[in-house]
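Please look over the sequence and the model shown here before reading on. The report below treats surface, strands, aromatic rings and charged pairs in turn.

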Amino acid sequence: MRLTRPTLCSPAIVTSDSKDLPGNLLNNDLKNDITSVPGIETLAAGQFLLLPQSFGNIYLGETFSSYICVHNYSSQVAKHVSVKADLQTSSQRIPLSGHQMESVAAELHPQDILDDIIHHEVREVGTHILVCEVNYMSPTQGQLTFRKFFKFQVLKPLDVKWKFYNAEDVISDEVYLEAQVQNITTSPICLEKVSLESSHLFNVTALNTTMDEESVFGHVNVLQPQASRQFLYCLAPQASLTSDLRLLTGATNIGKLDIVWRSNLGERGRLQTSQLQRMAPDYGDIRLSIQELPNIIHLEEAFTFTCRIINACERSMDLLLSLETPPSSGLVWSGVSGRQMGKLEPGASIHLPLCMVPLATGLQNISGIRLTDVFLKRTYDYDDLAQVFVTQATA
């Protein structure tokens, strides 16, 4: 039989008003119910544990435990008794028992038993068959064997969906992962841990805690059936990736989600996703990123920032820099437009300091950078690169 945790047994609550026809008959019957809790009989609270009445559901990531018992109900002694238990799935056959039980039972006398408890962490969904095979030597019939089969279904406990967002802030090249975990079982579960095991290419920061390092979901993260939770993680590439654009483009493996939960009376389950992969970012022929930028600037006071230009194509490029101030923009350029940047080899980069003057307060966008490939006569436009907050200077 399968070994599972018991459940709390609660009474069937049927009450009536004392002025109704049954009077207090139903109320008194509920108070006398042995499974009800005195004083709170009308609540679905239980104080007795109910042993499993059926096989129940088993979910992916849980530990399947079973008690196997061989009973000699004959009047003869069975010799050389061996019991082997295998778990047959759709893709493999897994041995669960055999060595321990075989070494114990040299002989099995009448009314004696040979038993064992097996455990297996379920890692596949679908049909599973527990195959129990018994071999023994009969005094009259010689070597005998028989098998028994127990079929059960392994269900999917959680539905995990995810989305990737490449940071528009080109200073950091960060990637944000949004993971949604939904409980698709028939009972509540408690999410004990949801973590992202990042690949060696990224450093991960979980964004699911408050400033006091407490979970945003509370101390106990209970998930009702069909309910879901959303988790957010920030992944920053290693320094070796940011220095080489080709390596950064090819870094698509993010990591794996590791989820641990507790179900009925603390029964543990664990699920790990496959390797999560993002779409490789397309930077085009030229990538322009902002390396240094002040967050707050003062009105009518010039400020400088630094851009990095990377040749992401496989040929040399001769670039021309133009600066255009968009209409109704609160920032105007201060500097020379139409200057030659020189030849840029494939994979090479240059740092470019630029200057702007704010003419309006509030949140302002940096736009209007134009890079022209002199050989192909192709112009690359860069607008809404970053934002700065413009405020009045204090006296």
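Met-1, Leu-3 and Ile-117 make a nonpolar surface patch of about 290 Å², where patches are built from residues with over 30% relative accessible area and no salt bridge, nonpolar side chains (Val, Leu, Ile, Met, Phe, Trp, Tyr) being joined within 5 Å and like charges within 9 Å. Accessible areas come from the Shrake-Rupley method with a 1.4 Å probe, and for residues only the protein chains shown count as cover. Leu-3 is found in the segment before strand 1 (7–9), strands being DSSP runs of E with at least two residues, numbered from the N terminus. Leu-3 counts as partly exposed because its relative accessibility is 31%; the classes are buried for under 20% relative accessible area, exposed for over 50%, and partly exposed in between.

The model is predicted, and local features need pLDDT of at least 70, side-chain atom pairs count only at pLDDT 80 or more, and totals for chains, interfaces and linings use all residues. Residues are numbered from 1 along each chain as its sequence is written, and side-chain values use heavy atoms, with hydrogens and water left out.

An open sheet with mixed pairing is formed by 3 strands in the order 21-30-27, two strands being paired if DSSP finds at least two bridges between them. Strand 21 (296–298) and strand 27 (362–366) stand at the edges with a single partner strand each, so one side of each is left without a neighbour in the sheet. On average, neighbouring strands of this sheet are turned by 40° against each other, direction ignored; axes are lines fitted to C-alpha atoms, and angles in general run from 0 to 180 degrees between N-to-C directions.

Strand 21 pairs with strand 30 (residues 386–391) in the parallel sense over 3 bridges, and the bridge partner of His-298 in strand 30 is Thr-391.

## Strand 23 and its partners

Strand 23 (residues 317–323) is mostly covered, with 5 of its 7 residues buried. Strand 23 pairs in the antiparallel sense with strand 25 (residues 339–344) over 5 bridges, and Asp-318 has Lys-343 as its bridge partner in strand 25. Strand 23 also pairs in the antiparallel sense with strand 28 (residues 369–373), over 5 bridges, where Leu-371 of strand 28 is the bridge partner of Leu-321.

## Aromatic pairs

A search of the whole structure finds 5 aromatic pairs, a pair being two rings of Phe, Tyr or Trp (its six-membered ring) whose centres lie within 6.5 Å, with planes under 30 degrees apart counted as stacked, over 60 as edge-to-face and the rest as tilted. One of them is the tilted pair of Phe-305 and Trp-333, at 6.2 Å centre to centre and 50° between the planes. This pair links distant parts of the chain, since Phe-305 lies in strand 22 (residues 303–311) and Trp-333 in strand 24 (residues 331–333), 28 residues apart.

Phe-305 counts as buried at 1% relative accessibility, and Trp-333 counts as buried at 13%. Phe-303, Phe-305 and Trp-333 form one aromatic cluster.

## Salt bridges

The structure holds 11 salt bridges, each defined as a side-chain nitrogen of Lys or Arg within 4 Å of a carboxyl oxygen of Asp or Glu. In the salt bridge of Asp-258 with Lys-193, the closest N and O atoms are 3.1 Å apart. Asp-258 lies in strand 17 (residues 253–262) and Lys-193 in strand 13 (residues 189–198), so the pair ties together parts that are 65 residues apart in sequence. Asp-258 counts as buried at 1% relative accessibility, whereas Lys-193 counts as partly exposed at 36%.

Asp-285 and Arg-378 also meet through their side chains in a salt bridge (3.1 Å, N to O). Here Asp-285 is in the loop between strand 19 (276–277) and strand 20 (286–292), while Arg-378 is in strand 29 (residues 378–382), 93 residues apart. Asp-285 is partly exposed, with a relative accessible area of 23%, and Arg-378 counts as partly exposed at 41% relative accessibility.

## A charged network

A further salt bridge joins the side chains of Asp-383 and Arg-370 (3.1 Å, N to O). Asp-383 is in the loop between strand 29 and strand 30 and Arg-370 is in strand 28, 13 residues apart. Asp-383 counts as partly exposed at 38% relative accessibility, whereas Arg-370 counts as buried at 12%. Glu-324, Arg-370, Asp-381 and Asp-383 are linked in a network of salt bridges.

Note on methods
Helix = DSSP H or I, 4+ residues; strand = E, 2+ residues; numbered from the N terminus. Buried < 20%, exposed > 50% of the residue type's maximum accessible area, 1.4 Å probe, protein only.
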